[in-house]
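Please keep the sequence and the model at hand while reading.

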Amino acid sequence: MSLTETRPAPPGQPKHAPPPRAKFWLYRFDTKTVPYLLIAPFFLLFAIFGLFPIIFNAIVALRNWRLDEPDERGWAGFENFSRLLTDGDFWNALGNTFGIFVLSTVPQLLIALIIANLLNRKLRGTTWWRVGILLPYVTPVAASTLVFAMFFARDYGLANWFLSLVGFGNENPIDWRAAKWSSWIAIATMVNWKWIGYNALLYLSAMQSIPKDVYEASAVDGAGPWRQLWQITVPMIQPVILFTVVLSTIGGLQLFNEPMLFDENPASASGGSDGQFQTIAQLIYKVGWKDLNLGYAAAMSWALFLIILIVAAVNALATRRLGGDK
C-alpha cells in the first residue's frame, strides 16, 4: 500500500468526522445569516424611500398642512377626505382619468395581443419587427408628447389634415384641446403609441412558450388562426394578460406626463382652459405645489391609491373569469 492511499475507517467509526466547532459556526453563519444580510439593503432602502413616505403621507392627510400658513397646522381628522365628496374639481379629474384610461387601456391591450400573434408567426426580418415595435417605449415621454402636440395642432396639425382628406373638418378644423372627447382621444393615442409595443413583446414571450403541437392539433380539427388566438393562445397566456391588465390599470390611473405636456400652459397643471383633460395626478400636483395645500393633496393621493386597488382587483377578477378560471 502506498503512503498516499487512504486507509479505510475502522469498524464503528464514521467515515466523515464532524468538522471542528469553528468551522461549524462558520457554516451556520454562511447558510443562516448571510442570505438575510444580502437582502437587507433592499428592505432598508424600501423602508426609507417607500414605507416611510407612505406613512408620513397618511399622517399629512389627517392634518391641516398648508405651506403658505405654517402657523395653522393642526389635526383635521377625516375633514380632508370628506371634502373630496363635494369637490367638483376632484370628480371632474376622476371622470377625465377614467375616460382616458378606458380609451387607452382597452385598445392598447387588444392591439398588442394581435400584433404579438402576428409576430409569433414566421415572418421575414422578425428581429427587426420586434425591435421596431419597442422603439416607442424607449423614446422619452417629453419628446414623443411634444411631437404629438404638434400632430394634434388645430391649424397645421397632421391629424386634421388626414381628416380633411376624407372630407371631415375642412371648414372648421378640430381643436383637439378644446373639448373633452377630442382631448381624451389625443392623450389616449399618445399612451397607446408608447405602450402597445411593450405589451406586445410581453405577450409574444408568453406565446413562444406554448407547444407548437397544440396549434397543429387544433388546425387538424379545423380551427383557423382567429379561433386559435381566442380559444388556445389567450387562455394559455392568461397570467401574462393579467399582469398587463394590472400594470396598465396602475399606470393609466396615475397618468400625468402626457396630459401635462399636452397642455398649452403646462405650468398651471389645469388640464386645459376648463379642466377638460385634467387627471387626478395633475390635480394632486396642482393642489399640493400650486395651491400649497399638502394636507388636501395627501388625502387625494390616498383616495387615488384606494381607487387603483379597487379597479385593479375588479380588472383582475374579470380577466380570470374571461379566461375560464373561477
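## Basis of the model

The model is predicted: local features need pLDDT of at least 70, side-chain atom pairs count only at pLDDT 80 or more, and totals for chains, interfaces and linings use all residues. Residues are numbered from 1 along each chain as its sequence is written, and side-chain values use heavy atoms, with hydrogens and water left out.

## Helix 8 and helix 9

Helices are DSSP runs of H or I with at least four residues, numbered from the N terminus. The axes of helix 8 (residues 212–220) and helix 9 (residues 225–236) cross at roughly 155 degrees and come within 11 Å. Helix 8 is therefore roughly antiparallel to helix 9, a term for angles over 145 degrees. Axes here are lines fitted to C-alpha atoms over the stretch in contact, and angles run from 0 to 180 degrees between N-to-C directions.

On the side of helix 8, the contact is made by V214, Y215, S218 and A219; on the side of helix 9, by Q228, I232, T233 and M236. Contact means heavy atoms within 4.5 Å. By class, five of these residues are nonpolar, three are polar and none is charged. Ala, Val, Leu, Ile, Met, Phe, Trp, Tyr, Cys and Pro count as nonpolar, Asp, Glu, Lys and Arg as charged, and the others, Gly among them, as polar.

## Nonpolar cores

A nonpolar core is a set of buried Ala, Val, Leu, Ile, Met, Phe, Trp, Tyr and Cys residues joined through side-chain atoms within 4.5 Å. Buried means under 20% relative accessible area, exposed over 50%, and partly exposed in between, with a 1.4 Å probe and protein chains only. The largest core has 20 residues, and L113, A116, Y203, M207, I237 and I241 have the most contacts inside it. At least two residues each come from helix 3 (88–119), helix 7 (180–207), helix 9 and helix 10 (238–253). Helix 7 gives the most, with six residues.

Leaving aside residues up to four places away in sequence, A116 touches A200, Y203, L204 and M207. A second, separate core has 18 residues, including F90, L94, A297 and V311.

## Two loop residues with positive phi

A269 lies in the loop between helix 11 (257–262) and helix 12 (280–290). Although A269 is not a glycine, its phi is positive, at about 55 degrees. A269 counts as buried because its relative accessibility is 0%.

L292 lies in the loop between helix 12 and helix 13 (294–322). L292, also a residue other than glycine, has a positive phi near 65 degrees. With a relative accessible area of 27%, L292 is partly exposed.

How values were computed
Angles under 35 degrees count as roughly parallel, over 145 as roughly antiparallel, 65 to 115 as roughly perpendicular and the rest as oblique.
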